[in-house]
Amino acid sequence: MQQTIGRWLIPVTAGLAFLFLLVPIGYVFAFSFNDAGRTNLTWRGFTLANWQNPCGAPEVCASLANSLQIGAVSTVLATALGTAIAVGLVRYRFRFSATANMLIFLPLATPEVVLGASLLAQFLNLGAELGKGTLIIAHTMFCISFVVVTVKARVASLDPKLEEAAADLYASPLQAFWRVTFPLLLPGVMAAALLAFAMSFDDFIITNFNSGSVDTFPKFIYVAATRGIPAQANVIGSAMFIVSLLVVIGGQMISHRRAKVLAAR
């Protein structure tokens, strides 16, 4: 009896937890087909009009474009800087390296409301105009820590002898990095970039402090929630979820295919 309960307890618990996580996503997807009218709080009937015109709600596509632009630029900057920092922290020993490692984790441990208020005070003291520029700086700053942590794990798993072998074959340090180290780091770098983009696109607290008059998609959702999030916003959220799911599935398929190729050798 106990063995039977133990055999089913973990799968059932995991299934319930998974279902609990998917309920809000299912709600968003279902209400993207709602014939909402002026509000989207109650179900009024099925329609495809929202998917046919996802920009039908005022400012929804403009805020989405701002989030995509800010997220893309912040991701490129954070990934480039974070990868360089991760390689330096793992491969080189220098004075105060332990302190540098500790400082990298501070933005991860600092509450976002404190981080956002501190950045706002800094921008105001510098006389900077709040807008896309300040948002890119703020998002790059807090995304760097996530990139460093992700890429560090990948760098630590690489064998330094591969670079030494490249040097024995008369490769310069730059050639060894781009032809040997970077291709091996690429999966970790891509994972870090996707994480950074997701953090930037999803952020509301730091964005709300430092955006000025610029509306991002999370800000649009927050303002619209008081009168019912428009169905077009649910369409965009559902589309983003589908795209993310396809990216994950594609990555898993590529990894599986690569593993089969390596096993065949």
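Ser67, Ile70, His139, Ser200, Phe201, Asp203, Thr207, Thr216 and Pro218 line the largest cavity (on a 1 Å grid over the protein atoms alone, a cavity is a set of points where a 1.4 Å probe fits but cannot get out, and lining residues have an atom within 4 Å of a point). The model is predicted, so that local features need pLDDT of at least 70 and side-chain atom pairs count only at pLDDT 80 or more, while totals for chains, interfaces and linings use all residues. Residues are numbered from 1 along each chain as its sequence is written, and side-chain values use heavy atoms, with hydrogens and water left out.

The volume of the largest cavity is about 40 Å³ (the space filled by probe spheres set on the points, which are joined across faces, edges and corners), and the structure holds one cavity of 30 Å³ or more. At least two lining residues come from each of helix H3 (60-91) and helix H8 (173-202) (helices are DSSP runs of H or I, at least four residues, numbered from the N terminus). The lining comprises three nonpolar, five polar and one charged residues (nonpolar: Ala, Val, Leu, Ile, Met, Phe, Trp, Tyr, Cys and Pro; charged: Asp, Glu, Lys and Arg; polar: the others, Gly among them).

The largest pocket (an open set of points with protein on both sides within 12 Å along at least five of seven lines) has a volume of about 860 Å³. Of its 28 lining residues, Phe201, Asp202, Phe217, Gly237 and Met240 lie nearest the centre. Helices H1 (2-31), H8, H10 (217-224) and H11 (231-264) each contribute at least two residues, with the largest share, 10 residues, from H11. By class, 22 of the lining residues are nonpolar, five polar and one charged.

The second largest pocket has a volume of about 490 Å³. Its lining has 16 residues, and Pro187, Met190, Gly251, Ile254 and Ser255 are the closest to its centre. H11 gives the most to this lining, with eight residues.

The largest nonpolar core contains 22 residues, of which Leu119, Val147, Val148, Val151, Leu185 and Ile206 have the most contacts inside it (a core is a set of buried Ala, Val, Leu, Ile, Met, Phe, Trp, Tyr and Cys residues joined through side-chain atoms within 4.5 Å; buried means under 20% relative accessible area, with a 1.4 Å probe and protein chains only). H3, helix H5 (112-126), helix H6 (132-156) and H8 each give two or more residues to this core, and H6 supplies the largest share, eight residues. A second, separate core of nine residues includes Ala57, Leu64, Phe220 and Ile236.

Notes: Buried < 20%, exposed > 50% of the residue type's maximum accessible area, 1.4 Å probe, protein only.
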